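Please look over the sequence and the model below before reading the report. The text is meant to be followed with both in view.

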Amino acid sequence: MPNRTGQGLLPWADRTIGDGVDRAVAAHHRRRLGKIGRLESRDPPTGGWAAGDPPPRSGNSLEVLIDGAEAFPKIAAELRAAESHVYVTGWYVSPDFALTRDGEPIVLRNLLAELADRIDVRVLLWAGAPLPLFRPSRRDVREVRQALAEAGIRCALDSRERPMHCHHEKTIVIDDRVAFVGGIDVTSNHGDRYDTSEHSARAQLGWHDVTTCLRGPAVADVADNFRMRWREVTNEPFPSPSHPDEAGSVEAQIVRTVPEGIYEACPRGDFRILESYLRAFRSAERLIYIENQFLWSREIYQILCEKLRTAPNEEFRIVAVLPAKPNSGGDDTRGALGELIEADGDRGRFLACTLFARANGVADPIYVHAKVAVVDDRWLTIGSANLNEHSLFNDTEMNVVTHDADLARQTRLRLWAEHLELPRSKIDGEPAEVVERYWKPVSEEQLARRRAGEPLTHRLVLLPHLSRSSGRLLGPLQGLLVDG
């Protein structure tokens, strides 16, 4: 009995069982959110801002920083200008990480120690994986805390995670006047995050990532989240953040994932990253553009499948840029891509690609760690949340969302120019036309070259969507077992 792609009994059974488990996990999430009165995050209306607090704030500036070579020097410069306090959250940090690489490097630990001599510096990290099979381990993170403490830097470790999950947000708040919110970790763990947008081959894993530099009233919401978590972890009193003056014309909303039951100040949790994505994707009419480390949340890809089956118009496209080999969940993403390709049929509305750095006939993978989405050049989100069940239901995360059409469009064009290796003037047309003219032929040719053992001539490569036998079961089974 072949499956619909004609690959035999085992893949058919794998898919059928995987779908059943996947549906069971989605039903579990619905029951879970229903019990805590959060179903509005799972079943929101189409379009608009996420409901609840914090609301969208007007009067902000939002600068998008693409790749480490642009982001880290900016972070260093803002840290050096700090006058009152610095608050850092992270999944993990490397104290010896060099924020600048030109001339004498600015090292994270040294810079924070210099600041701690005159202002309040606090670093709040995930406490690490309880089992040493996973990294960073509890021991790894305790060593980081010791290194920071020896330099006079206050560091607290947050172990209030759900089983098999983590604290994943990456934020820096400086004087309550500027905040960095995005996906970049200040670390060399699993790969050096410092890479340029040229992505020259460096005989190691390349790294593509995105963060934001935020100024204005929304900064207080980032600061307030830090203060809440610090109080919960340390039991220390902490004053409320100040309220920054207006700094621009961008309306922005800070949205989070906070699982229920881990913080007394947020007993019902917060799932408004999920809500934001669902609202935006359901409203899409021309384009959904995604950059993410993972794509295996059923709540997300089922909406994408429906958009492909009943597209608003002939010009509708979904384009996803993903890593070739994510550090986990790779087969789960391939299974989701298979669903999307099947939903698309032969209509050519869906495209998934990955990135490689190349030099002298050798290609090094570029790890896509960015968490970015653009809808119709009118909606943009950037943050720490992956499109999997971990980030949308179980890890702590933070994203920034804006409906600023110019910023959304300019961000997409910058990213497309980088990936297509073309000037923006050549891609400044209708998205569907650019996809057909450049994305598809370039990525298809490069995949063919890889399969033939020929050197790549471009960094953009079509991403195969087939999963290994039984691989598609891993994500759903993990969600069913550890979601609680």
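This is a predicted model: local features need pLDDT of at least 70, side-chain atom pairs count only at pLDDT 80 or more; totals for chains, interfaces and linings use all residues.

Residues are numbered from 1 along each chain as its sequence is written, and side-chain values use heavy atoms, with hydrogens and water left out.

The secondary structure of the protein chain comes to 14 helices and 18 strands, where helices (H or I, at least four residues) and strands (E, at least two) are DSSP runs numbered from the N terminus. Its radius of gyration is 22 Å, close to the 23 Å that the globule rule gives for 484 residues, so the chain is as compact as a globular protein of that length; the radius is taken over C-alpha atoms, and the rule is 2.2 Å times the number of residues to the power 0.38. Further values for the protein chain are set out here.

| Property of the protein chain | Value |
|---|---|
| Span of the C-alpha trace along its principal axes | about 65 × 55 × 45 Å |
| Share of the 484 residues that count as buried | 61% |
| Share of contacts with a separation of 6 or more that join residues 24 or more positions apart | 77% |

In these terms, buried means under 20% relative accessible area, exposed over 50% and partly exposed in between (1.4 Å probe, protein chains only), and contact means heavy atoms within 4.5 Å.

Helix α4 covers residues 108–116, and L108, L111, L112, A113 and L115 are buried in this helix. An α-helix has 3.6 residues a turn, so residues three or four places apart point the same way. The cover over the buried residues of α4 includes α3 (68–80), β2 (85–90) and β3 (120–126).

Is T257 buried or exposed? T257, which lies in strand β9 (residues 250–258), is buried, because its relative accessible area is 0%. The side chain of T257 reaches the backbone oxygen of S391 at 2.8 Å. Leaving aside residues up to four places away in sequence, T257 touches D270, I273, S391, L392, F393, N394, D395, T396 and E397.

E150, by contrast, belongs to helix α5 (residues 138–150) and counts as exposed, because its relative accessibility is 62%. From C-alpha to C-alpha, E150 and I382 are 34 Å apart in space, and they are 232 residues apart in sequence.

Key: A polar contact is a pair of N or O atoms within 3.5 Å; within protein, one must be able to donate a hydrogen and the other to accept it, and residues adjacent in sequence count only if both atoms are side-chain atoms.
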